[in-house]
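Please keep the sequence and the model open while reading.

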Amino acid sequence: MKYRLLSEREKQSSWKKISHFFTIIDNEFVPPLSSRGDTVKSAIKKNDTAEVIVAETNGKFVGIVIFWSYYYKVRSSYFHWLIVEPKFRSKGIGKELTKKAISRLHKKRIKTIKLVTYNTKKVALKIYKSAGFKIYYTRKNIKGPGIDKVYLVLK
Ligand SMILES: CC(C)(COP(=O)(O)OP(=O)(O)OC[C@H]1O[C@@H](n2cnc3c(N)ncnc32)[C@H](O)[C@@H]1OP(=O)(O)O)[C@@H](O)C(=O)NCCC(=O)NCCS
């Protein structure tokens, strides 16, 4: 497995391959991502400060992590999407992508990394906690009974 940060040029030219990941996970979110309109994809596409690290095998992207940096303002980052193709899950790819993204941000002297996920995303939470993220806020039942939004930070 190869892990690499996409250049700005490749990020633009790989947009189809990147957006494919949002189709894969559509139903893994409540409500499905598609029901939220195109806001998720277009937010990333328009935001040219987003960085993308991919896990690649035989020229195919099988995992991605997408994050933003706000270096000039507060030296902080917002870690947004972590997605692995279902066939390639439970092989340590999600964990490795997370490590690579954190290390990239630390190299850029980013001091605070924040992210938002759900209590139902058990594997993702395990990855984030083992990377050192701590929950600092929870919004209960935000997407339905028992589905809490959790806010994490790594300092
Ligand atoms: C979350 C996600 C990225 C995890 O990727 P992954 O490559 O399967 O995760 P890893 O193989 O690195 O596993 C990380 C840890 O979880 C454990 N794990 C993996 N799959 C598991 C499962 N189905 N059940 C329980 N534990 C599991 C692993 O054993 C590993 O634990 P360890 O640190 O003790 O070794 C992947 O499930 C995914 O794409 N989900 C849909 C999108 C999503 O929810 N993203 C996160 C919120 S934005």
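Side chains alternate along E7. Val150, Leu152 and Leu154 point to one face and are buried. Strands (E, at least two residues) and helices (H or I, at least four) are DSSP runs, numbered from the N terminus.

This is a predicted model: local features need pLDDT of at least 70, side-chain atom pairs count only at pLDDT 80 or more, and totals for chains, interfaces and linings use all residues. Residues are numbered from 1 along each chain as its sequence is written.

**Strand pairing**

Strands pair here if DSSP finds at least two bridges between them. E7 pairs with E5 and runs antiparallel to E5. Ile113 has Leu154 in E7 as its bridge partner. E7 also pairs with E6, again in the antiparallel sense. There Tyr137 stands opposite Tyr151. E4 and E5 run parallel, and Ser76 has Thr112 in E5 as its bridge partner. Between E4 and E5 the chain crosses through H5, and this β-α-β crossover is right-handed. Right-handed means that, with the strands pointing away from the viewer, the path from the first strand over the helix to the second runs clockwise.

| Strand pair | Bridges | Sense |
|---|---|---|
| E5 and E7 | six bridges | antiparallel |
| E6 and E7 | five bridges | antiparallel |
| E4 and E5 | three bridges | parallel |

**Overall layout**

The chain has six helices and seven strands. From the N terminus on, their order is β-α-α-α-β-β-α-β-α-β-α-β-β. Of the 155 residues, 23% are buried. Two residues are in contact if their C-beta atoms, placed from the backbone, lie within 7 Å. Among contacts with a separation of 6 or more, 54% link residues 24 or more positions apart.

**The core**

A nonpolar core is a set of buried Ala, Val, Leu, Ile, Met, Phe, Trp, Tyr and Cys residues joined through C-beta atoms within 7 Å. The largest one holds 30 residues. Which of its members touch the most others? They are Val52, Ile64, Val65, Leu97, Ala101 and Ile113. Elements that each supply at least two residues of this core include helix H2 (15–24), strand E2 (51–57), strand E3 (60–70) and strand E5 (112–118).

Take Val65. Leaving aside neighbours within four places in sequence, Val65 is in contact with Ile53, Trp81, Leu82, Leu97, Thr98 and Ala101. Ile53 sits in strand E2. Ile53 counts as buried because 22 C-beta neighbours lie inside 10 Å. Not counting residues up to four places away in sequence, Ile53 touches Tyr3, Arg4, Leu5, Val65, Leu97, Lys100, Ala101 and Arg104.

**Loops**

Most residues other than glycine have a negative phi. Asn58 has a positive phi, near 50°. Asn58 lies in the loop between E2 and E3. Asn58 is exposed, because 6 other C-beta atoms lie within 10 Å. Asn141 also has a positive phi, about 50°. The loop between strand E6 (134–139) and E7 holds Asn141. Asn141 counts as exposed, with 10 C-beta neighbours inside 10 Å.

Ala50 is in the loop between helix H3 (39–46) and E2. Ala50 counts as partly exposed because 19 C-beta neighbours lie inside 10 Å.

Key
A residue is buried if 20 or more other C-beta atoms lie within 10 Å of its own, exposed if 12 or fewer, and partly exposed in between; C-beta atoms are placed from the backbone.
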